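Please have the sequence and the 3D view open as you read.

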Amino acid sequence: MKPLNNIDKNLVIHADNLETLKSLSGVSFRMIYIDPPFNTGHTQKKETLVTKRSEDGSGTRTGFGGRKYSSTKVSEFSYEDSFDDYIEGFLGPRLLEAWNLLSEDGTIYVHLDFREVHYVKVWMDKTFGRDKFLNELIWAYDYGAKSKKKWSAKHDTILVYVKNPKKYYFNSEEVDREPYMAPGMVTAEKAERGKLPTDVWWHTIVPTNGKERTGYPTQKPIGILKRMITASSKPGDVVLDFFGGSGSTGEASLILGRKFILVDESQQAIDVMRKRFTGGEGDKEITRFGELQDIGHLLPDTVQDWRYS
């Protein structure tokens, strides 16, 4: 397979990701990241509200000094997150196709939570080999309601697998560093430089009212994606994310000088990504949008010559 590292523009494909993965056979990627549905058993929903002060006092919300405010819903995004056969019927076939697209030095990151991660790891160990397992990353955060009946679930798990344990690419020198918890116990030089992250990452979620927020449910912060992309890809590489969602993988790739291919079958996700990558910045030529049948035209001529001839 030839590495797909010469596309002239980023791609966002509005299509079923399984069919898209099959259509990419013959090319390879050094890094793949996915954040699939977690199989929560309910609909994931996110509403965006705009709150304004009511000059006539007719608002339904009361703020400081008794002032009245009214809220208007400006957008709502949702998707179904319930599967009867999550691994064999849904995620497994997609992971198989993705594995075939990994280069020999490639890495795949699979972002899950407590509901399915243990079952997916067993399946991946059995399917790809336990020696291909590299890491279990823990992204820990402290936000939202706390349970008084059990330990509150405040972390996600990211499974990391490599195509070839002897050849995989990992650039620790470029990864962002963290402060030492006990800086007085290391030299001043080390304390200033910071330490390499471990497999437990403390990072806030996307702030509710932050600039990064798109309004898409389950949006992941750019910070954790930048760390993964920096470690497992090179500048100029094409990063693949076939559960594109809000487009955070693409945003992080742009910041780091990588290209990206994002896939999602949800029109809502496509609308969010279109706004994210073409709205407000004036650079509408960095990303192409298309359907599955357009993929041969979206890829550059140098790829089409041998892939689609």
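The notes below go through strands, helices and aromatic rings in turn.

This is a predicted model, in which local features need pLDDT of at least 70 and side-chain atom pairs count only at pLDDT 80 or more, while totals for chains, interfaces and linings use all residues. Residues are numbered from 1 along each chain as its sequence is written, and side-chain values use heavy atoms, with hydrogens and water left out. Helices (H or I, at least four residues) and strands (E, at least two) are DSSP runs, numbered from the N terminus.

**Strand β11 and its partners**

- Strand β11 covers residues 238-241; Val 238 and Leu 240 point one way, Val 239 and Asp 241 point the other way, and all are buried. Buried means under 20% relative accessible area, against over 50% for exposed and partly exposed in between, with a 1.4 Å probe and protein chains only.
- β11 pairs with strand β3 (residues 27-34) in the parallel sense over 2 bridges, and Val 239 in β11 has Met 31 opposite. Two strands pair if DSSP finds at least two bridges between them.
- β11 also pairs in the parallel sense with strand β12 (residues 259-264), over 4 bridges, and here Asp 241 faces Leu 262 in β12.
- From β11 the chain crosses through helix α6 (residues 248-255) to β12, a β-α-β crossover that is right-handed. The term applies if, with the strands pointing away from the viewer, the path from the first strand over the helix to the second runs clockwise.

**Helix α6**

- The buried residues of α6 are Ser 248, Thr 249, Gly 250, Ala 252 and Ser 253.
- These buried residues pack against β3, α5 (222-232), β11, β12 and α7 (267-278), where contact means heavy atoms within 4.5 Å.
- Just after α6 comes Gly 257, with a positive phi of about 80°.

- Helix α3 (residues 117-128) has 12 residues and spans 16 Å from its first C-alpha to its last, close to the 16 Å expected at 1.5 Å a residue. The expected span is 1.5 Å times one less than the number of residues.
- Buried in α3 are Val 117, Val 120, Trp 123, Met 124, Asp 125 and Phe 128, and their cover includes α2 (86-101), β7 (102-112), β8 (133-140) and β9 (155-162).
- Gly 129 follows α3 and has a positive phi, near 110°.
- β8 and β9 pair in the antiparallel sense over 7 bridges, with Glu 136 bridged to Leu 159 in β9.
- β8 pairs with strand β10 (residues 200-202) in the parallel sense over 3 bridges, and Ile 138 has Val 200 in β10 as its bridge partner.

**Aromatic rings**

- A search of the whole structure finds 8 aromatic pairs. Rings of Phe, Tyr and Trp (its six-membered ring) pair if their centres lie within 6.5 Å; planes under 30 degrees apart count as stacked, over 60 as edge-to-face and the rest as tilted.
- The rings of Trp 139 and Tyr 141 have centres 4.8 Å apart and planes at 55°, so the pair is tilted; both residues are buried.
- Phe 242 and Phe 243 also form a tilted pair, because their ring centres are 5.4 Å apart and their planes at 40°.
- Ring pairs join Tyr 86, Phe 90, Phe 242 and Phe 243 into a cluster.
- Lys 121 lies over the face of Phe 133, 4.1 Å from the ring centre. A charge sits over a ring if NZ of Lys or CZ of Arg is within 6 Å of the ring centre and within 35 degrees of the ring normal.
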